[in-house]
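This report describes the arrangement of strands, helices and aromatic rings in one protein model. Please consult the structure while reading.

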Amino acid sequence: MSTPSGFLSGKTALVTGAGSGIGRAIAAALVGAGAHVIVNDKRGAGKAIAEGLGGSFIQADLSTPEEAERLAAEALASRGRVDILVNNAGFQHVSPITEFPVAKWTEMLGLMLTAPFVLTKGLMGPMMEAGWGRIINIASIHALIASPNKAAYTAAKHGLAGLTKVAALEAGAHGVTVNAICPAYVRTPLVEAQLPAQAATLGIPEEEVVSKVMLEPAAIKRLIEPNEVGALALFLTSDAAATITGLALPMDLGWTAR
Ligand code: NAD
């Protein structure tokens with residue numbers, strides 16, 4: 001996927017959860033193509049990431065709709081426009097449904113489904129008025145398939161794929177595309193944090209959790225790197241992807257070919 005250099009010059013992008021992992025890599029890819037990036041994160045660490053990218057930082061905890069509304073308003077006010085929205089912030093909690101805390105369910109659905117809805121609601125209208133926009137939702141392979149013990153994550157990501165389709169239908173005639181990227185396991189702190197618990201549960205070393213559990217259904221036997229997700233997101237912002245919309249794009253090492 002090659003894209004013309006500087007093709008995002010003059011554009012402003014908002015990337016949620018860009019203080020780490022995939023969001024950080026997407027923010028860097030967009031900056032590399034000339035965009036100004038507004039980094040959001042609930043952690044203050046996002047400020048240094050934003051400064052390193054020559055962008056700006058808005059701290060907000062997106063597990064409440066009020067904070068998502070504030071982020072949309074502040075992002076628009078700070079730059080006068082948001083051309084690209086990347087809904088990326090998320091986290092995993094692993095527990096059987098019978099023991100899944102309701103508060104954790106509510107927090108996860110708030111962050112990974114309601115916040116993308118609130119941000120889309122606030123920012124898609126101005127994009128349509130401007131006649132150009134890109135919304136990229138970082139879903140997951142769990143938007144397409146399920147795993148036991150991941151009820152809230154799987155429900156939120158399936159919901160995000162549905163929101164993606166509706167937004168694509170509503171915005172398509174106005175130069176705005178809306179797509180979801182559905183990665184399998186990406187080498188980030190979110191995945192690294194799951195290793196000790198899974199190793200303990202299964203009674204195997206952490207390295208074997210990667211090779212025997214995470215990569216077991218994959219055709220390509222390696223983790224995805226964050227910058228590979230960044231490259232796909234960047235492609236979706238390009239003119240070459242102007243007719244691609246409403247998709248839940250697997251980036252899954254061949255997992256769903258099974
Ligand atoms: P990560 O933990 O490296 O980064 C997530 C970032 O989101 C962190 O900086 C964190 O502070 C921020 N965040 C968490 N809760 C937040 C909140 N309430 N408000 C604002 N920011 C918040 O994780 P990652 O692996 O880069 O995951 C990013 C996205 O990619 C998530 O939506 C995740 O579900 C998705 N995803 C990850 C993988 C993977 O294997 N890593 C695979 C598929 C999808």
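In this predicted model, Lys11 is placed over the face of Trp132, at 4.4 Å from the ring centre.

A second aromatic feature involves two rings. The count of aromatic pairs comes to one. The ring centres of Tyr185 and Trp255 are 6.1 Å apart and their planes meet at 25°; planes under 30 degrees apart count as stacked, and the pair is therefore stacked. This pair links distant parts of the chain, since Tyr185 belongs to the loop between β6 and α6 (189-192) and Trp255 to the segment after β7, 70 residues apart. Both residues can be described by their relative accessible area, for which the cut-off for buried is under 20%.

| Residue | Relative accessible area | Class |
|---|---|---|
| Tyr185 | 11% | buried |
| Trp255 | 14% | buried |

The strands come next. An open sheet is formed by seven strands, in the order β3-β2-β1-β4-β5-β6-β7, with parallel pairing. Strands β3 (56-59) and β7 (248-251) stand at the edges; each has a single partner strand, so one side of each lacks a neighbour in the sheet. From one strand to the next, the twist averages 20°.

Strand β6 (residues 176-183) is joined to β7 by four bridges, and the two run parallel. Pro183 has Met251 in β7 as its bridge partner.

Two helices accompany these strands. Helix α5 (residues 151-171) packs on the sheet and touches β5 (133-138), β6 and β7; its direction makes about 160° with that of β6. Helix α9 (residues 226-237) lies across β4 (84-87), β5, β6 and β7, and runs at about 160° to β6.

Note on methods. Residues numbered from 1 in each chain as written. Predicted model: local features only at pLDDT ≥ 70, side-chain atom pairs only at ≥ 80, totals over all residues. Heavy atoms only, no water. Pairing = 2+ DSSP bridges. Axes fitted to C-alpha atoms, helices over the stretch in contact; angles between N-to-C directions. Contact = heavy atoms within 4.5 Å. Phe/Tyr/Trp six-rings, centres within 6.5 Å; stacked < 30°, edge-to-face > 60°. Buried < 20%, exposed > 50% of the residue type's maximum accessible area, 1.4 Å probe, protein only. Lys NZ or Arg CZ within 6 Å of the ring centre and 35° of its normal.
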